[in-house]
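Welcome! Please take a look at the model below, and keep it open while you read.

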Amino acid sequence: MTPCATLSQEGGAKIPTDDAIPRALLAWYRRRRRDLPWRRTGDPYAIWVSEVMLQQTQVATVIPYYERWMRLFPTLSALAAAPESRVLKAWEGLGYYARARNLRRAAAQVLREHGGRLPDTAEALRRLPGVGRYTAGAVASIAFGRREPVVDGNVARVLCRLQRLRGNPKTPPLAERLWRIARAWLPPRRAGDFNQALMELGATVCLPRNPLCPACPLRRRCAARARGEERRLPRAPRRKALPHVEGAIGVVRHAGRILIDRRKPEGLLGGLWEFPGGKIEPSETPEACLRRELREELGIEADVLRPLTVLRHAYSHFRVTLHVFECRLRRGHAQPLACAECRWVRPADLRNYAFPAANRSVIALLLGSKQGGGITAPVATPLVHPPRIPMCRQAPARSAAGRRT
DNA sequence: GACACGTGGTT
DNA sequence: TAACCAAGTGT
């Protein structure tokens with residue numbers, strides 16, 4: 001309530017502790033907070049789930065997943081008891097699948113070590129797999145009312161602008177400073193609301209490229225704005241271009257069924273199902289690559305019949321152009337030589353397995369081009385008009401006659 | 001510190 | 001189109 005600002009010395013940097021900023025922010029938040037599903041509950045489990053889903057993922061994307069998840073796994077015990085396949089199916093399409101595997105593992109750990117109640121301190125939460133510094137602070141403050149700060153991408157941007165901090169907020173010196181500021185500004189009570197207010201401001205007003213300063217409750221206290229630098233802060237280093245690889249995958253048919261395999265439990269897309277295939281080696285044709293992969297991974301010989309489509313997909317750290325072929329089993333018995341499991345399934349049963357986004361566009365193509373059985377809206381004819389599937393940009397399909405030079 | 005780890009929206 | 005960004009964590 002002191003009208004004048006004070007300064008605290010922390011790590012050699014002066015941090016203004018004027019409580020006018022927290023107060024203005026909380027007042028703004030009370031009026032402008034969005035009505036989000038996880039803000040309608042006090043259930044620590046539900047809040048934890050929302051925080052994990054929100055890691056590197058936007059609110060609008062998370063909402064439908066969160067709603068469905070809470071119906072499928074309403075309690076921590078329900079999640080701990082669920083098979084991983086079901087958990088991954090519920091996560092399908094959200095990305096960063098280690099989040100789902102860790103959430104389930106952590107639920108089992110809470111059952112074993114904490115009698116089924118989520119720990120109520122940031123320090124204890126931090127020991128759960130998938131709970132880092134941010135998530136521990138978020139759950140501790142929002143679900144348990146603990147006086148713990150959070151710094152996510154939003155908070156970093158807001159603080160860098162308010163304080164006109166140059167440099168990369170992801171590198172330790174500046175990151176530590178941001179955590180100190182976030183802690184110093186924490187009000188005595190309502191830390192959870194304050195943290196959410198900071199993030200809400202970053203997500204709805206203090207936008208990365210085009211900040212809506214006239215709508216900002218802190219515009220008169222923003223050092224970056226005072227200098228007209230709000231659009232240039234914070235500064236992130238240039239991201240290096242993603243490597244590009246080419247791959248071939250096959251829809252292998254036999255006796256009315258299609259062959260799919262489950263990826264190993266860790267690493268990229270761990271535990272998800274996919275159409276078999278792999279990376280094209282230098283000087284190898286896509287067709288030869290696919291025959292080789294089917295031999296090496298599954299121990300089968302197959303005929304590559306025709307190209308189905310070509311699609312491009314961007315993962316977090318590389319891009320891929322995927323050549324998709326229709327194939328037929330020639331001989332051999334499929335075995336999981338380089339994967340966790342393989343299975344011949346009816347096309348209509350593909351919907352029961354968790355696939356990566358790039359594979360889902362292939363499924364849409366398969367089921368959409370047959371009448372009935374489609375999971376989504378009808379899809380254009382393959383090879384003529386590649387389907388416009390929002391999950392995955394389509395590259396021009398090659399004609400059945402041959403490839404372009 | 002650097003890199004692996006998905007996907008979709010925005011500009 | 002391509003880069004950037006998102007309520008980050010684990011190794």
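## Before we start

This is a predicted model, in which local features need pLDDT of at least 70, side-chain atom pairs count only at pLDDT 80 or more, and totals for chains, interfaces and linings use all residues. Residues are numbered from 1 along each chain as its sequence is written, chains are lettered from A and ligands numbered from 1 in the order in which they are written, and side-chain values use heavy atoms, with hydrogens and water left out.

## Helix α2

Let us begin with helix α2, which covers residues 44–53. Helices here are DSSP runs of H or I with at least four residues, strands are runs of E with at least two, and both are numbered from the N terminus. A residue is called buried under 20% relative accessible area, exposed over 50% and partly exposed in between, using a 1.4 Å probe and protein chains only. Nine of the 10 residues of α2 are buried, so the helix is largely enclosed by the rest of the structure. These buried residues are Y45, A46, I47, W48, V49, S50, E51, V52 and M53.

What covers them? The cover includes α3 (59–72), α4 (76–81), α5 (84–91), α6 (98–113) and α8 (133–144). At the start of α2, a side-chain oxygen of D43 comes to within 3.1 Å of the backbone nitrogen of Y45. That is a polar contact: a pair of N or O atoms within 3.5 Å, where, within protein, one must be able to donate a hydrogen and the other to accept it, and residues adjacent in sequence count only if both atoms are side-chain atoms.

## Aromatic rings

The structure holds seven aromatic pairs. Rings of Phe, Tyr and Trp (its six-membered ring) pair if their centres lie within 6.5 Å; planes under 30 degrees apart count as stacked, over 60 as edge-to-face and the rest as tilted. In one pair, the rings of Y45 and W48 have centres 6.3 Å apart and planes at 70°, so they are edge-to-face. Y45 and W48 are three residues apart in α2, which puts about one helical turn between them. An α-helix has 3.6 residues a turn, so residues three or four places apart point the same way.

F275 and F355 form a stacked pair, with 5.6 Å from centre to centre and 25° between the planes. This pair links distant parts of the chain, 80 residues apart: F275 is in the loop between β5 (273–274) and β6 (277–279), and F355 is in the loop between β9 (341–345) and α14 (357–369). F275 is buried at a relative accessible area of 1%, and F355 is buried at 0%. Elsewhere, ring pairs link W69, F73 and W91 into a cluster.

## Around DNA strand C

How many residues surround DNA strand C? There are 30, and the closest are G130, D152, N154, R157 and R238. A residue counts as near the strand if one of its heavy atoms lies within 4 Å of it. One phosphate oxygen is 2.4 Å from a polar backbone atom of G130, and the side chain of N154 has an N or O atom 2.5 Å from a phosphate oxygen.

Helices α8, α9 (153–163) and α11 (191–204) each supply at least two residues of this surface. Nine of the 11 residues of α9 are buried, so α9 too is largely enclosed by the rest of the structure. At its start, a side-chain oxygen of D152 reaches to within 3.2 Å of the backbone nitrogen of N154. After α9 comes R164, whose phi is positive, near 50°.

## Two residues in loops

E92 lies in the loop between α5 and α6 and is buried, with a relative accessible area of 10%. A polar atom of the E92 side chain lies 2.7 Å from the backbone nitrogen of F355. Setting aside residues up to four places away in sequence, E92 touches Y65, Y97, Y353, A354, F355 and R360, where contact means heavy atoms within 4.5 Å.

G116 sits in the loop between α6 and α7 (122–125). Is G116 buried or partly exposed? G116 is partly exposed, with a relative accessible area of 24%. Beyond its neighbours within four places in sequence, G116 is in contact with L76, V110 and L111.
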